[in-house]
Protein chains: 2
Amino acid sequence: MEHPENSCEYKGLTVNDGVDEAPKINPYLTKRIKPRQLSVDDYVNGILKGDRTILSRAITLVESNLPEHQDIAQQVIERCLPHAGKSIRIGITGVPGAGKSTFIEALGMYLCHDSHKLAVLAIDPSSERTKGSILGDKTRMEELSVEKNAFIRPSPSAGSLGGVARKTRESIVLCEAAGFDTIIVETVGVGQSETAMHSMVDFFLLIQLAGTGDELQGIKRGIMEMADGITINKCDGNNIEKAQLAQRQFKNALHLFPMPESGWTPDVTTCSAFEKINIDKVWKMVEDYIAFTSKSGYFDYKRNQQSKYWMYETINEQLRNHFYHDETIGKMLIDLEDKVNRNEMTSFTAAGHVLDHYFSQK
Amino acid sequence: MEHPENSCEYKGLTVNDGVDEAPKINPYLTKRIKPRQLSVDDYVNGILKGDRTILSRAITLVESNLPEHQDIAQQVIERCLPHAGKSIRIGITGVPGAGKSTFIEALGMYLCHDSHKLAVLAIDPSSERTKGSILGDKTRMEELSVEKNAFIRPSPSAGSLGGVARKTRESIVLCEAAGFDTIIVETVGVGQSETAMHSMVDFFLLIQLAGTGDELQGIKRGIMEMADGITINKCDGNNIEKAQLAQRQFKNALHLFPMPESGWTPDVTTCSAFEKINIDKVWKMVEDYIAFTSKSGYFDYKRNQQSKYWMYETINEQLRNHFYHDETIGKMLIDLEDKVNRNEMTSFTAAGHVLDHYFSQK
């Protein structure tokens with residue numbers, strides 16, 4: 001349903017995987033050697049061996065909107081599925097300025113030194129608006145981007161939230177099959193994408209800053225109640241006291257919230273991603289949560305629920321797309337919205353009119 | 001889409017409005033005289049005159065699922081629309097035991113003595129589960145139920161949330177056209193109905209109890225962040241200190257939340273509905289909010305957004321119903337859920353299968 005311009009081809013990339021015809025390369029006209037085409041077997045074998053170049057190319061296929069790429073991508077994913085699911089998936093969010101990139105670099109280096117294999121992905125359906133603040137510039141994670149046990153994948157090109165979420169979720173499967181045992185999914189904390197992320201990770205970490213004023217106003221309402229843990233970042237220098245006060249305030253606040261379905265009481269830590277202080281404490285929180293929910297069975301239960309959620313979410317999104325992409329219906333809706341706003345028609349009657357039209361066409 | 005047994009006829013009520021044929025009454029067999037049939041004009045004129053019996057019968061029509069009743073109901077509502085919209089609509093929620101009924105009675109009596117005209121409605125799609133705790137028993141509001149300026153309407157018979165929400169929203173229109181200047185909509189605070197309510201009221205009040213333990217665990221996550229105001233009820237006797245502590249805690253917690261879209265900072269009061277203490281302070285909070293949002297233009301903006309929301313929500317619900325009520329699709333989904341849970345298929349592929357089937361039928 002996305003515009004073809006969202007596909008890699010139109011962005012000047014040279015994805016050629018899965019096209020049957022051999023590319024015609026004139027060595028006198030091009031310096032670039034196009035990568036050899038890969039079969040589904042090539043992809044699957046490469047991924048299972050942990051070949052990062054092939055993993056990368058497979059994710060590019062997943063992100064492509066071309067039907068021939070999608071065909072291959074789906075076959076690759078399906079064959080990777082039995083090898084996936086064994087990682088810990090962590091969602092990280094926070095407003096711009098909370099220090100997400102610095103934090104992910106610090107946590108990532110900590111995990112890699114602890115012999116973890118880490119993949120970092122991002123959900124950012126509105127990347128044009130956020131101007132690449134979300135993994136857009138790999139170089140912002142200088143250490144992690146050259147670390148051999150880490151794999152950083154910038155956000156897929158902008159598209160509908162559903163589309164981007166699907167791509168991220170399928171990329172997780174590929175990374176897991178490639179042997180990454182920890183997956184970090186990053187979002188910006190201001191849009192709808194946190195709900196999407198919450199529905200694909202095991203642990204949801206919110207990065208906050210000290211202060212009860214404007215600094216906190218950026219985060220979207222409802223996100224705090226989704227968090228399995230909060231860390232107050234930038235707890236360093238002159239800011240330590242303020243950060244510790246914030247920690248107490250957030251702890252008290254979380255206490256007033258109802259117990260989450262998991263039965264886990266979300267905790268609040270302080271850390272300094274910049275000074276690499278207390279990164280281990282944040283990780284301890286994640287490990288405690290995983291141990292707790294694994295024992296109670298909630299871990300597996302949630303993963304099953306998530307799979308179902310995405311099946312139904314995809315169905316519902318496509319049903320809506322089919323309806324709202326009808327040109328006549330689009331025009332009717334403009335007129336009906338107007339009538340509803342002028343109190344000439346109830347919302348329900350208006351909905352009835354346009355639904356009658358839709359179903360009579362069938 | 002609801003089962004015919006949900007309609008009034010099957011519950012043994014004697015709604016006969018809008019049926020063309022005159023009821024055949026044998027005075028020797030029945031003591032009850034069936035009400036005379038009313039025309040759309042009769043309904044509209046009666047409502048606009050503030051005739052409560054006719055208002056009540058009109059709401060019964062709105063709640064009926066019979067097509068012939070719905071036809072008349074929609075005509076009545078549409079003619080009432082230009083006279084509606086002039087009330088303050090307040091949503092009230094809280095867990096069972098928070099004292100909602102006692103609070104609504106206290107606030108209601110306070111408003112009626114202050115020459116307001118008050119209608120109390122309820123959204124409770126799961127009334128069977130909550131066992132009538134929600135206005136199910138009018139007599140729980142002993143004073144208010146005999147007060148001439150108050151109109152209490154128990155929850156419509158159980159049905160889908162969408163259906164019940166529609167009925168409540170349309171009943172609001174009728175009550176406003178009948179001259180009620182304040183509408184209270186009650187929900188139980190444990191289900192999905194708070195989002196529905198939030199999308200039809202101007203001010204959302206959460207009734208809480210003191211204590212940070214089990215008492216608070218009943219409320220559904222996310223509701224606190226929807227509230228425009230919180231009142232800690234049962235601030236009386238030995239409980240005053242605890243309630244005031246809770247007030248401070250909630251105030252601090254709300255401070256950590258991001259500013260709501262309205263620009264209004266939610267406040268927290270204490271009250272005792274039983275002792276009728278501080279009911280005026282709760283109302284002051286509502287009045288301040290209305291004044292603030294009226295001045296900023298947010299009040300009208302939100303009402304427009306709500307109308308649009310219900311139009312699109314109704315459309316989306318009907319699209320889903322049409323899909324999920326297909327028998328073959330129901331069977332396919334059971335099988336696909338299974339495959340997804342066994343990691344044999346991705347959620348997205350599963351969704352694709354069933355969508356292909358659906359759209360190929362058209």
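How many residues does α10(B) have, and how far does it reach from its first C-alpha to its last? The answer is 27 residues and 37 Å. The model is predicted: local features need pLDDT of at least 70, side-chain atom pairs count only at pLDDT 80 or more, and totals for chains, interfaces and linings use all residues. Residues are numbered from 1 along each chain as its sequence is written, while chains are lettered from A and ligands numbered from 1 in the order in which they are written.

**View 1. Helix α10 of chain B and its cover.** The span of α10(B) is close to the 39 Å expected at 1.5 Å a residue (1.5 Å times one less than the number of residues). Helices are DSSP runs of H or I with at least four residues, strands are E runs of at least two, and both are numbered from the N terminus. B:S307, B:W310, B:M311, B:E313, B:T314 and B:I315 of this helix are buried. Buried takes 20 or more other C-beta atoms within 10 Å of the residue's own, exposed 12 or fewer, and partly exposed lies in between, with C-beta atoms placed from the backbone. The cover over these buried residues includes α11 (327-341) and α12 (347-361) of chain A, together with α6 of chain B.

**View 2. The contact between chains A and B.** Chain B gives 54 residues and chain A gives 55; contact puts C-beta atoms, placed from the backbone, within 7 Å. On the side of chain B, α3 (67-80), α6 (161-177), α8 (240-256), α10 (298-324), α11 (327-341) and α12 (347-361) each give two or more residues. The largest share, 12 residues, comes from α10(B). This side divides into 26 nonpolar, 18 polar and 10 charged residues. Nonpolar means Ala, Val, Leu, Ile, Met, Phe, Trp, Tyr, Cys and Pro; charged means Asp, Glu, Lys and Arg; the others, Gly among them, are polar.

**View 3. The axis relating the two chains.** The superposition is by least squares on C-alpha atoms of residues with pLDDT of at least 70 in both copies. In chain B, B:A253 has the C-alpha nearest the axis, 2.3 Å from it. The same surface serves both copies, as 100% of the contact residues of chain B recur in chain A.

**View 4. The open sheet of chain B.** Seven strands run in the order β3-β2-β4-β1-β5-β6-β7, with parallel pairing; a pair needs at least two DSSP bridges. β3 (150-152) and β7 (267-270) stand at the edges with a single partner strand each, so one side of each has no neighbour in the sheet. Neighbouring strands are turned by 20° against each other on average, direction ignored. Three bridges join β2 (residues 118-122) to β3(B). B:L118 has B:A150 as its bridge partner in β3(B). Helix α4 (residues 100-113) of chain B lies across β1, β2, β3, β4 and β5, running at about 160° to β2(B). Axes are lines fitted to C-alpha atoms, for helices over the stretch in contact, and angles run from 0 to 180 degrees between N-to-C directions.

**View 5. The loop around A:A84.** This residue lies between α3 (67-80) and β1 (88-93) of chain A. A:A84 counts as partly exposed because it has 19 C-beta neighbours inside 10 Å. Neighbours within four places in sequence aside, A:A84 is in contact with A:V173, A:E176 and A:A177.

Conventions:
Contact = placed C-beta atoms within 7 Å.
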